[in-house]
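Good morning, and thank you for joining. I would like to talk through one interface between two parts of a single protein.

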Amino acid sequence: MNMQSLVFDNVFTQKLPADPHTGSERRQIRNALFSRVEPTPVVRPYLMHYSPQTAELLGLDAATCTGEAFLKVFAGNQLLPGMDPHATCYGGHQFGNWAGQLGDGRAINLGEVKTAGGHLMLQLKGAGETPYSRTADGLAVLRSSLREYVCSEAMFHLGVPTTRALSIIGTGEQVMRDMLYDGHPALEHGAVVCRVSSSFVRFGHFQMLAARQETELLATFTNFVIEREFPAIAKAHQDDTSRYLAWFDDVCQRTAKLMVEWMRVGFVHGVMNTDNLSILGETIDYGPYGWLEGFDPDWTPNTTDAGQRRYRYGQQPAVAQWNLLQLANALYPLIEETKPLEDILGNFATHYEAEWQRMMANKLGLPDFDKSLTNRLLKLMTETETDMTLFFRHLADVKNADTDAAYLQNAYYTPERINLELQAQTQQWLSDYLKVAEQQGQSHGLRAALMNRTNPLYVPRNYLAQLAIDDADRGDFQRLHTWMDVLQKPYTWQEGMDEYAQKRPEWARNRAGCSMLSCSS
Ligand code: AMP
Ligand code: MG
């Protein structure tokens, strides 16, 4: 199918109130969810990569995705008939503080495409100024765009809920950024990513309406989101209050599941502000994210958060719950009773814990969760600077605690620092683990199979992203292409692709972009 066959229904912009003004002049809006604004054209767009899987969702074939029209549309240089470009208005808590109106400062929704399975919003990120750009330029640089693009698709293939990415297009223009916020601004290549999701609505959309005390619009909007994105709940609940509560419960459960998935694959979002949490429970807004290398619950890749470490790996479930509390506060005017909201929120920890236990049992290839075994392992991994991804893959091969411990060697970053005591504890843990597997009647074959479909081998490690960025900055996209192919099958060992499944090399330990990232993008 070609570009002209995309059918837009744009229910969001048709059903919800718009800001009466258009264009990108900065403003606070009232009683509206979005402002109409067009992407800013760029001089010399070039396609770096497109995702065949996301293209397929839209019914676009390879010839279309490599053609002129695709390049123009997804660079922001041309609109298709039926598109209704706009930026949405939301607020949010940033690092725990209410920040007021934020909104799509550099994201422009092009329109909603009708698909076989429902609808998909197409969104350009980095396509120029909007009323919500505040003091910034509405643009995005190649490095952050590539990181978002790769990780969106990698997450999908890992089986983690996420917004998708259709394309990454270089703009041929330069953008000024101070990458580490240390007073050294430099010009970088600009890029535009087309993101795709059923909806880009965040907790912050509800918070904004509540903060402005636009309760009627809050009700309209909440009903809209439930009907459009949660049709089963809309159908099952006619009464408003029970509908809102059932829906809030669903959002809590989805968010709890998402946290378990992040913990499973070792993902650290880095900026879990309430404006960066999707109402659908998808991973959204890939900024200074990272993947655990040496297992460390206290780790965050985001240097902007280095002091407080609010968004560190181990804290993510608790932060999600705090964010849900902010959402509950925003919904309160619709319900006018705190108790039912509190009760639902109270279930978050129970849901999370149950799902987490199931997930950890799967990671260890066991039919049943074993608390002491799991906790001992997590402690040991922290103390021995163990690469989480490699460790679980190697552990699947271990059949005999005495002879096979060496398989794990390659997962340690500093094996010379693992003292005799830690070695003995590891040995003891291994033999206890194999005993538990035996007691649970789990054969090695079944255990390894369960582990290898739970524990990925290829994750988009930061240093690999940096290598792909270094090449792409020079105009060489081969590494990006190869890596994107590898990431399509993250659980399957692929011949000749070992370089994509290595622990972080020493040169990357403290290099900017590899272990240190700021919000600059
Ligand atoms: P983030 O921390 O990336 O989620 O962004 C927080 C807010 O800043 C959002 O409202 C973004 O749209 C906005 N923002 C971030 N970068 C830019 C930029 N270069 N131009 C305009 N707005 C931006
Ligand atoms: Mg954001």
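**The interface of domain 2 and domain 3**

Between domain 2 and domain 3 the count is 1 salt bridge, meaning a side-chain nitrogen of Lys or Arg within 4 Å of a carboxyl oxygen of Asp or Glu. Its partners are Glu 293 and Arg 504, whose closest N and O atoms are 3.2 Å apart.

A word on conventions. This is a predicted model, in which local features need pLDDT of at least 70 and side-chain atom pairs count only at pLDDT 80 or more, while totals for chains, interfaces and linings use all residues. Residues are numbered from 1 along each chain as its sequence is written, chains are lettered from A and ligands numbered from 1 in the order in which they are written, and side-chain values use heavy atoms, with hydrogens and water left out.

The protein is divided into domain 1 (3-200), domain 2 (204-362) and domain 3 (364-521), with bounds from an automatic or database domain assignment. The contact (heavy atoms within 4.5 Å) takes 28 residues from domain 2 and 32 residues from domain 3.

How much area is buried between domain 2 and domain 3? The value is about 2500 Å², with 59% given by carbon and sulfur atoms; buried area is the accessible area (1.4 Å probe) that two parts lose on being put together, summed over both. Of the area that domain 2 buries against domain 3, Glu 293, Phe 295 and Asn 362 supply 30%, more than any other three residues.
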